[in-house]
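This report covers one protein model.

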Amino acid sequence: MSGFLERQRDTLAMACAGLTSDQLRERALTPSGLSLLGLVRHMADVERTWFRSVLNGENSSAHWPRSDGGAFDVDTADPVEAFETWHEECARSRDIVDAACHTSSR
C-alpha cells in the first residue's frame, strides 16, 4: 500500500518538476479550474486529513480555507510554500505509517 502511495506522490512531483510559477498555476481545461499547483495544495490537505486526523486521531485543520476555491484558488498562491507544505505533510504521513507498522509488529 505505501509503495503505491509513494508512486502517486512521485508522479505528481515529476509532473511539476521544472515548471515556472505561472505554468503551475495554469488551468488545464475550462471550466474545471484545476491546476498542478492547486493539486499540490489539495494533496497537502489530503495527506494531513487522512494521516493526521483519520489514522492518527490528531485534531488538525486544513492548510487552506475550504470555501472560495480553497486549495484550488492559486491566483496568488506561493508555489514554494505549497511544495514545502506538501513535502512536510508527506514526511509526517510516512512517520505515522512507520509508527503504526512498528506498533502492530510487536
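A disulfide is a pair of cysteine sulfur atoms within 2.5 Å. A search of the whole structure finds 0 of them. The sulfur of Cys 16 is 12 Å from the closest cysteine sulfur, that of Cys 90, which is too far for a bond. For Cys 101 the closest cysteine sulfur is again in Cys 90, 16 Å away and too far for a bond. Cys 16 is buried at 5% relative accessible area, whereas Cys 101 is partly exposed at 43%. Here buried means under 20% relative accessible area, exposed over 50%, and partly exposed in between, with a 1.4 Å probe and protein chains only.

The model is predicted: local features need pLDDT of at least 70, side-chain atom pairs count only at pLDDT 80 or more, and totals for chains, interfaces and linings use all residues. Residues are numbered from 1 along each chain as its sequence is written, and side-chain values use heavy atoms, with hydrogens and water left out.

**Fold**

The protein has 4 helices and 0 strands. From the N terminus the order is α-α-α-α. Helices (H or I, at least four residues) and strands (E, at least two) are DSSP runs, numbered from the N terminus. The C-alpha atoms fill a box of roughly 50 × 30 × 25 Å along the principal axes. Of the 106 residues, 29% are buried. Contact means heavy atoms within 4.5 Å. Among contacts with a separation of 6 or more, 67% join residues 24 or more positions apart.

**Core**

A nonpolar core is a set of buried Ala, Val, Leu, Ile, Met, Phe, Trp, Tyr and Cys residues joined through side-chain atoms within 4.5 Å. The largest one has 14 residues; those touching the most other members are Leu 12, Cys 16, Leu 24, Leu 37, Val 40, Phe 83 and Trp 86. Helix 1 (2–16), helix 3 and helix 4 (79–104) each supply at least two residues of this core. Helix 4 gives the largest share, 4 residues. Leaving out residues up to four places away in sequence, Phe 83 touches Cys 16, Leu 24 and Val 40.

**Salt bridges**

There are 9 salt bridges in the structure. Each is a side-chain nitrogen of Lys or Arg within 4 Å of a carboxyl oxygen of Asp or Glu.

| Pair | N to O distance |
|---|---|
| Arg 9 – Glu 6 | 2.5 Å |
| Arg 25 – Asp 22 | 3.8 Å |
| Arg 52 – Glu 89 | 3.1 Å |

Arg 52 lies in helix 3 and Glu 89 in helix 4, so this pair ties together parts 37 residues apart in sequence. Both Arg 52 and Glu 89 are buried. Shared partners join Arg 48, Arg 52, Glu 58, Glu 89 and Arg 92 into one network of salt bridges.

Arg 9 and Glu 6 are 3 residues apart in helix 1, about one helical turn. Arg 9 is buried at 7% relative accessibility; Glu 6 is partly exposed at 23%. Arg 25 and Asp 22 are also 3 residues apart, in helix 2, again about one helical turn. Arg 25 is buried at 18%, but Asp 22 is exposed at 60%.

**Arg 41**

Arg 41 is in helix 3 (residues 36–55). A polar atom of the Arg 41 side chain lies 3.5 Å from the backbone oxygen of Asp 73.

Conventions:
A polar contact is a pair of N or O atoms within 3.5 Å; within protein, one must be able to donate a hydrogen and the other to accept it, and residues adjacent in sequence count only if both atoms are side-chain atoms.
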